[in-house]
Amino acid sequence: MAALNQTLVLALESNPKESYVVAVETLLRLLDNIIREPQNAKYRTVRTDNPSIREKLLSAEGMKQLMLAIGFIESNGTLTVPSNVLLANLRRYREFIYERKELIKNPPQERESIPISGVTCIDSSNSATTANNIPQEPSESKSEMVLQPSGSDASTGQQQTTALCVIKSSRPFLARIEFPKVIPGNNTLLRQLELLSDQVMQYEDELLLASGKSLIPIDMLTAKAKSKLTQWQRLLAANANDSQKEPSEKDLLLEELTAWFRAEFFTWVNALPCTVCGNEKTQLIRSTVEDGVRVEVYRCCGQLRHFYRYNDVEKLLHTRRGRCGEWANCFTFLCRCLGYDARYVFSTGDHVWTEVWSERKERWIHVDPCENVLDAPLMYEHGWRKEIMYVFGFARDDVQDVTWRYTNDHQRLLQRRKQGGACSEPALLDAIAKLRTKRRAGLNCTPEQMSALRKRTIDECLELLANAGRVPTAAEREGRSSGSLEWRLQRGEQQTNTRYMFIPTEEEVQAKQFNIRYCCATDCYERFLKGASNRVNERITEKSNGWESRQYVSRNIFRKEEHDWKMVYLARTEGTDEATIEWNFDFSVQGLRVKQIELRFGQETYEGAKVDLYYIKSDGSQSQALSSLCECGKFTLQARLSGGKSWQHAQLFRQAKSATDEYPFEMNIVLM
């Protein structure tokens, strides 16, 4: 990947501030359009004689040189980004240019920060208290960001002012979340509840709601929802005895909004990549607070990069990146933009998400935009293996302890709270009642609407109590997919869902054979076709790096390198009692079945540990006899690791790091 030319970016700052900001924001709009719709050719070209482009963009000294460094090519009066320019490179330039622009527009001011056990109080005349992962910024900081909506013509520069998406709020961030305090005392959890309850009120700014709505491709998402509803109606009509209810178009639109948000709108950040060498695992050297905003500082190649953890949704509409805090914050706001009753949901287990009220189902629906998962609230306890302690939902008209929705073992939850809770249950209930009263006191609603709100609260309490003992669904047993594998393993969220399925290629169908092998030393799979004499004249058709790249699903598995013994193998993650890994094969899609199968599956066990190998057919039946797969068209190979006195006593594919031409896992199948 080409190195980012920081010198040219910084050279732009020698221009007068006003012209610099106009030019950089114009460039950012062009880059945003390309990144958002990379296949749309019109976004990749601008005409240098276009008055708007000439006056706003190219008038800045050094701008053309920077654009050429980014990847634009000048030809016949145009500047064009060729299709072979990597989007990753455009994103890196966009991130760095945006960071510099924000520093120029809003220079950080020195203020004293007072950390209080996960809560930071900013000591100033306009004091504000920010909870963990809730950075704030000074009220005098006011920005107006302009983005181009889908369908506008970036290549000709003929946009009208009314066609631009202006991201703007009527008041600064701190003013939008400033309310009288009603929670007395210094209990950290209770103070945090009030901060979060006030924070969601930033969503109710009418100008900001209009800005957010203009960024959503409503027509496209609605069309997809309508199409899905038609499919549902056909399915239910064909199965008259099906007890499922027809979903509402609004609920299906929520599904489409969630999928679009994850796939196209927001980007996950593990760490800021190095702008010199491209390393994506830069070192976090410190976290600090700048002007009320929490900042993570990363270092690589002698360079420092600052990741601003904005809590102002106005900022997030432009940056469109972050971790679960930023994701849930921005997604909950976009739900409000479309008129949904939505909650920002905070868990003391270091994750946040959203809940949306479904009128059809008459209950709150769990939505995790990071995972693109809806209505699977037990996933954190049963899939991610998290211990649930406190979960709260915050809306413009309510605050609710929704912990009981996210665990089905209420007795153990009560025991955990009694033994190590942050406050007493009576104190928590009292605080929630005060915050609920505070929120509803500011509502402009009729007595009938207020009565309906109270009824909804009572009905929800009954629903939460009924969740005790509920059996988790298959979706709720799945592990996390957002964030890098290393990041998830560090947090103990260890299930990996690659969902890769081996399906025969056209060559394999013609040859009536399927062959796959894995070398742990190189951490690489090879798919190959045998020659007339097995290894003689064999031809490798595919290579895939990473043990997890061709698995179907695994839990508590990692690749261990022993640097002293110079050995490598797959094993259970440290501190776990059991682990599983699966590979999935489907030859039935091509009308084929297994005629003959051979398997090499290297394993080593010590101190009473076990590796059990199971062959699972599509009907769910399982066997430990390889011969059971003959005449089978679809099956799963599953390995279960357990026992021993330590996590590494059950090993798969152990081999020397130097044995790069040996394959402890190999499967050879003759098809018919």
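Colleague: Happy to look at this with you! What do β18 and β19 form, and how many residues are between them?

Modeller: β18 and β19 form a hairpin, with 2 residues between them. Keep in mind that this is a predicted model.

Colleague: What makes β18 and β19 count as paired strands?

Modeller: Pairing needs at least two bridges between the strands. β18 (residues 391-395) and β19 (residues 398-401) are joined by 4 bridges, so they count as paired. The two run antiparallel.

Colleague: Why is β18 described as mostly covered?

Modeller: 5 of its 5 residues are buried, and buried here means under 20% relative accessible area. Both faces are covered: one side has Val-391, Gly-393 and Ala-395, and the other has Phe-392 and Phe-394.

Colleague: Let's turn to α14. Which of its residues are buried, and why are they said to be on the same side?

Modeller: In helix α14 (residues 410-420), the buried residues are His-410, Leu-413, Arg-416 and Arg-417. They span an arc of only 120 degrees around the axis, which puts them on the same side of α14. Turned away from that buried side is a face with the exposed residues Gln-411, Lys-418 and Gln-419.

Colleague: What do the buried residues of α14 pack against?

Modeller: They pack against α13 (379-382), β19, α15 (425-441) and α16 (447-466).

Colleague: Tyr-380 is in α13. Why is Tyr-380 called buried?

Modeller: Its relative accessible area is 1%. The cut-off is under 20%, so Tyr-380 is buried. Beyond its neighbours within four places in sequence, the contacts of Tyr-380 include His-351, Trp-353, Asp-368 and Tyr-406. The C-alpha atoms of Tyr-380 and Glu-476 are separated by 7.6 Å, although these residues are 96 apart along the chain.

Colleague: Ser-248 lies in the loop between α9 (218-238) and α10 (249-265). Is Ser-248 buried or exposed, and how do you know?

Modeller: Buried: its relative accessible area is 12%, which also falls under 20%.

Colleague: What makes the approach of Ser-248 to Asp-251 a polar contact?

Modeller: The side chain of Ser-248 reaches the backbone nitrogen of Asp-251 at 3.1 Å. The limit is 3.5 Å, so the distance is within it.

Technical notes: Residues are numbered from 1 along each chain as its sequence is written. This is a predicted model: local features need pLDDT of at least 70, side-chain atom pairs count only at pLDDT 80 or more; totals for chains, interfaces and linings use all residues. Side-chain values use heavy atoms; hydrogens and water are left out. Buried means under 20% relative accessible area, exposed over 50%, partly exposed in between (1.4 Å probe, protein chains only). The arc is that of the directions from the helix axis to the C-beta atoms. Contact means heavy atoms within 4.5 Å. A polar contact is a pair of N or O atoms within 3.5 Å; within protein, one must be able to donate a hydrogen and the other to accept it, and residues adjacent in sequence count only if both atoms are side-chain atoms.
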